There are 2 protein chains.
Amino acid sequence: MTRGFAEAEFAARCARAQAEMAAAGLGALLLTTEPEIRYYTGFLTRFWESPTRPWFLVLPPDGKPVAVIPAIGEALMAQAYVGQIKTWRAPNLDDDGVSLLINTLNALRGDAPVGMARGIESHARMPVASLMAVQNHVPITGDGHLTRRLRLIKSDAEITKIETACQIANRAFDRMAEIAQPGVALERVFRDFQRLCLEEGADWVPYLAGASGPEGYADVISPATATPLAAGDVLMLDTGLVWDGYFCDFDRNFSLGKPSGGVADAHAQLVEATQAGFEAAKPGATGADLFKAMDRICTGGSGGSDAGRLGHGLGMQLTEWPSLIAEDETVLQPGMVLTLEPGVEVMPGKLMVHEEDIVITQTGARYLSRPAPPEIVVLG
Amino acid sequence: MTRGFAEAEFAARCARAQAEMAAAGLGALLLTTEPEIRYYTGFLTRFWESPTRPWFLVLPPDGKPVAVIPAIGEALMAQAYVGQIKTWRAPNLDDDGVSLLINTLNALRGDAPVGMARGIESHARMPVASLMAVQNHVPITGDGHLTRRLRLIKSDAEITKIETACQIANRAFDRMAEIAQPGVALERVFRDFQRLCLEEGADWVPYLAGASGPEGYADVISPATATPLAAGDVLMLDTGLVWDGYFCDFDRNFSLGKPSGGVADAHAQLVEATQAGFEAAKPGATGADLFKAMDRICTGGSGGSDAGRLGHGLGMQLTEWPSLIAEDETVLQPGMVLTLEPGVEVMPGKLMVHEEDIVITQTGARYLSRPAPPEIVVLG
């Protein structure tokens, strides 16, 4: 009945978490966000786009997870990897699942506290007032980054999904000449690129950013504007499309006509930096090692830029733990999926970025995206 | 420089909030989520898809909002309606913006506490541990639903954006015969419908749900499966597409071939219920009045279903305050944008839903989506 994976995948995830819970003295785990709940159950829906209703999952010391959810989700949750499903008719202005959650947690946790993610990159997807009410009746503590740690190592089935997403994006990028010419508004390019992603097999396109300008661009998170592409522009598109619940996340740069010397050099430098990160990527290396390998090429080793990192984890979310920064001590292991995302300044106020997706193997790493050549692709 | 609106729109929003803050004795307002921050500043980016970095906005007692954000966002935030922009290089494993936020709040709040949204439908998009640290150094209290209340009433410019999104979806639904025939997998229909939305002008398609089956469907939040459409199926698609930062949210049902009597009757009943809600919608009525008008047609007035509500607010988010439930006491005012979303049971385990978008006017309401006729549209 479960979607996307054999039931054994979810059983193994829960068993690993329960072993860690026992070692850490946790009586239950409380999950509130989409990726956390999907990780343990396979519950996949775009309904999370609505902020109205909280959804809760409780992982007991053994057995299947227990869902504490709005009644509207019962039929779909019944197809996921869960045991009991407890529902309330949400929204309820007086008690929006809080007492049901408190009772469930206290029935399952024994005498031990309940763990939940509280550290960097996490949040609780529930009202602060509800969380305070739960904390008044249930001992809550941190989860020791338990779920984050488990999610770091992807199964072969997960890697296949991420690679499929990458291949879809590869094919969409191969078709850029169909949609990007001088005179076309950047917002039109954004729409058309999302269309290409769907045509090539994406389930949906949660993330698209990009920019275009002569000698590079000023930032990499802006939405598109009506400004038309111009001959000589560098056009960058960065996409996070989803296939069966898993993301790719990489970008490509294009030159509209012959690139300037500065742009050509910057692109070659970015590919060189990416390759340096790739070569450093192997079991036993740390995230910091990858950062330093890339930063040496990008800045001469000055320690990075305002972007703050040169890559990150990837999987059920566009960006996951860890961040490739100088301080990251994550020891790489086979099955970790990462992006390598160096950036360089072409001139003051003008930058270029590049990104590839890789997986750590037994002996090194393997590209999941098709790596770009040093020469920037010329359109037109 | 601001995107999407004249600067006066943001100045008015901030001034209204600041008047309410003064009345409530709040020294500053802390905002952490995408719609809250965009509401006061116009800061629009799809970069929120990455959960890594927290973003903070502080509304002081007077003047422009103060941004406390990762350095990667500075260039884009500088184009928004903000005064000071304080940045840190995120992610920072030791102090991910927390001390900068504490100092900013304490410098701006005077002797008064800081308000933040803590009630139903809200959450704090920041680590719980960071929130606890802030609370140890800054008095934090609820915001009395201040931002939620302000966002309820849309300006003419906001209504135009929502109506534009609705018109795009109208045109996409008009083209359903191009993509939906017996034998086509539902997941293919989902991909193609998103493509149609983009072709018709959507910036992106954050939400698409739907289902297909004989005599209706079992739930309305599932992702698509590979199951092919079959002659006699009822196909429902529910889309939340975005144009310039504003959503539409409505659905359409289609019959693949001649509908059964039960399906034809259910569709007519849904349209009748929607029209009853529309006729009840006028200044002075409450959300509960609309619920009751629709529930009378759908269930004979039994009090609703597991979906929990029969419509909701709409705007910068797919779903906003209020929920149309029997307990909702929101008094409707001109400028409120709502969805009417009745559902009926065709037979046990088989339901059908319908949805339209409306705006409250001085004298009643106006449809923003093009209202569906009682007869279900037949494809093929």
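Visitor: Why is Glu121(A) called buried?

Guide: Buried means under 20% relative accessible area, exposed means over 50%, and partly exposed is in between (1.4 Å probe, protein chains only). Glu121(A) has 14% relative accessibility, so Glu121(A) counts as buried. Keep in mind that this is a predicted model, where local features need pLDDT of at least 70, side-chain atom pairs count only at pLDDT 80 or more, and totals for chains, interfaces and linings use all residues. Residues are numbered from 1 along each chain as its sequence is written, chains are lettered from A and ligands numbered from 1 in the order in which they are written, and side-chain values use heavy atoms, with hydrogens and water left out.

Visitor: How do you know that the length of helix H10 of chain B agrees with what a helix should span?

Guide: The expected span is 1.5 Å times one less than the number of residues. H10(B) has 13 residues (287-299), so it should span 18 Å, and its end C-alpha atoms are 18 Å apart, which agrees.

Visitor: Which parts of chain B do the buried residues of H10(B) pack against?

Guide: They pack against helix H9 (261-280), strand E13 (337-340) and strand E14 (343-347). Among these buried residues are Leu290(B), Phe291(B) and Met294(B).

Visitor: What makes a set of residues a nonpolar core?

Guide: Its members are buried Ala, Val, Leu, Ile, Met, Phe, Trp, Tyr and Cys residues joined through side-chain atoms within 4.5 Å. In the largest core, of 195 residues, Met176(A) is one of those that touch the most other members. A second, separate core of 22 residues includes Leu290(B) and Met294(B).

Visitor: What makes the bond from Ala90(B) to Pro91(B) stand out?

Guide: This peptide bond is cis, with omega near -5 degrees. A cis peptide bond also joins Trp321(B) and Pro322(B), with omega about 0 degrees.

Technical notes: Helices (H or I, at least four residues) and strands (E, at least two) are DSSP runs, numbered from the N terminus. Contact means heavy atoms within 4.5 Å.
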